[in-house]
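Dear colleague,

I am passing the structure below on to you, and my notes on it follow. Please read them with the model open beside you.

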Amino acid sequence: MKHPLLVVLTFCVFSQYASAQELAENPEKYTANNKGKFFISWGGNRESYSKSDIHFKGDGYDFTLNNVKADDKPKGYHIDYLNPARMTIPQTNLKIGYFISNHYSISVGVDHMKYVMRQDQTVNMTGTINGYAPYDGTYNNTPQVLENEFLTFEHTDGLNYVHTEFSRFDDVSSFFRITNTDKIQINLTEGIGAGILYPKTNTKILGKERYDQFHVSGYGVSAKAGINITFLKHFYLQGELKGGYIDMHDIRTTKSTNDSASQHFMFFQRIISVGGIFRV
């Protein structure tokens with residue numbers, strides 16, 4: 001062949017044209033790659049808590065309440081979820097994250113949960129109380145009714161779990177015979193997290209003045225699994241189940257720094273959130 005270089009150049013030009021034509025006819029889906037995308041979500045939750053032993057100590061008292069039951073404080077369907085001035089009243093979840101690869105993301109978030117000790121339950125109590133009649137005495141697994149005059153205890157503004165999460169996402173749209181994922185995409189997600197507890201604990205103990213201030217009280221770890229449905233490339237609805245462990249070893253209970261409480265327990269969250277995903 002007299003002009004091999006010309007043949008090679010002609011082949012290269014034709015190949016580039018064919019590739020460009022194929023890309024134009026079958027452009028890559030926006031949802032095909034996640035790396036470099038940011039996301040933000042806002043939602044609501046319900047919680048369940050395990051029983052916990054709560055230790056209270058201060059001037060004139062040192063006692064433990066065993067197997068205390070607690071509940072969350074749901075708001076239900078309410079405009080407060082969308083009202084900027086009242087967004088901290090319901091139980092909410094805020095998350096901001098970034099995809100470091102197509103399948104993995106890192107995020108920071110606040111799970112604004114609420115924890116309310118059940119009033120008027122009877123628990124076993126061990127310890128001593130002096131100077132707070134009519135509760136003065138020594139207790140040894142003694143039944144005690146948690147009446148309002150004795151104790152009210154809740155983290156309702158709230159049980160704030162400020163955490164970092166590392167998560168995986170997998171597109172499973174093909175299992176539902178979805179071909180155009182830029183219109184609708186279904187993903188499975190799993191992750192683990194860890195962070196601090198920054199509650200605003202509302203407490204009234206042994207007739208002392210009610211206390212209600214934010215305070216870093218401990219730490220938490222968690223794991224989650226969920227399903228993400230993305231619409232029109234940029235908007236999504238996500239449902240998650242999240243469980244974890246919380247250790248609060250330094251809970252403020254009164255204005256005096258001599259008074260404190262500690263507890264640890266398991267939690268289980270059900271979360272529904274809406275969000276957006278975009279590339280800057």
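**What was found**

Of the 280 residues in the protein, 43% are buried, where buried means under 20% relative accessible area, exposed over 50% and partly exposed in between, with a 1.4 Å probe and protein chains only. This is a predicted model, in which local features need pLDDT of at least 70 and side-chain atom pairs count only at pLDDT 80 or more, whereas totals for chains, interfaces and linings use all residues. Residues are numbered from 1 along each chain as its sequence is written, and side-chain values use heavy atoms, with hydrogens and water left out.

The mean pLDDT (the predictor's confidence in each residue, from 0 to 100) is 88, and 85% of the residues reach 70 or more. The protein has one helix and 15 strands, taken as DSSP runs numbered from the N terminus (H or I over at least four residues for helices, E over at least two for strands). Confidence is lowest in helix H1 (residues 4-25), with a mean of 41, and highest in strand S3 (residues 61-68), at 98. Over residues 1-26 the pLDDT is below 50, and beyond near neighbours in sequence this stretch has two contacts in the model, a contact being heavy atoms within 4.5 Å. Where pLDDT is low, the predicted coordinates should not be read in detail.

Leaving aside neighbours within four places in sequence, the contacts of Phe56 include Phe63, Leu65, Leu151, Phe153 and Ile205.

Lys37, in strand S1 (residues 37-49), is buried yet has no salt bridge, and the nearest side chain of opposite charge, Asp182, is 6.9 Å away; a salt bridge here is a side-chain nitrogen of Lys or Arg within 4 Å of a carboxyl oxygen of Asp or Glu. Not counting residues up to four places away in sequence, Lys37 touches several residues, including Tyr98, Phe99, Ile277 and Phe278.

Pro143, by contrast, is exposed, with a relative accessible area of 56%, and is found in strand S8 (residues 137-145).

With best regards

Terms used:
Lys and Arg count as positive and Asp and Glu as negative; His and the chain ends are not counted.
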